Amino acid sequence: MAVEILTKEDLNDFRTLLLNDIREIIQGKTEQTKQWLKSKEVRKLLNISPGTLQTLRINKTLSYTKIGGIIYYAHKDIEKLLDDNKVSSERTLFNSK
């Protein structure tokens, strides 16, 4: 059995490689979002009730796809809904003329 000696430099290189691998994994997970969400996931994401979600469907505010009794919503459509209803944060009370 051969004996190998690890130096502080070896451990430091290993630490750097390990941290880089962990960063890549974390960044990959945060960038990945599901393309299609079920009703329960949409309600949780938007913090709305089942009735409100149904109203959004009926009013054609939020498009959906129904397959075999399960309703799916595109994540990009939810983002678009949020962007379209964004309220400007410009100050109006003390604006100078």
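Strand 2 (residues 65-67) runs antiparallel to strand 3, and three bridges join them. Everything here comes from a predicted model, where local features need pLDDT of at least 70, side-chain atom pairs count only at pLDDT 80 or more, and totals for chains, interfaces and linings use all residues. Residues are numbered from 1 along each chain as its sequence is written, and side-chain values use heavy atoms, with hydrogens and water left out.

Strands (E, at least two residues) and helices (H or I, at least four) are DSSP runs numbered from the N terminus; two strands pair if DSSP finds at least two bridges between them. Strand 3 (residues 70-74) also pairs with strand 1 (residues 36-38), again antiparallel and with three bridges. Here's one partner from each pairing:

| Residue | Partner in strand 3 |
|---|---|
| I67 | I70 |

Strands 2 and 3 make a hairpin with two residues between them, and G68 in that turn has a positive phi of about 60°.

Now for S39, in helix 2 (residues 39-46). Its relative accessible area is 16%, so S39 is buried (buried is under 20%, exposed over 50%, partly exposed in between; 1.4 Å probe, protein chains only). Beyond its neighbours within four places in sequence, S39 touches L53, R57, I71 and Y73, a contact being heavy atoms within 4.5 Å.

F14 sits in helix 1 (residues 8-31). F14 counts as exposed because its relative accessibility is 53%.
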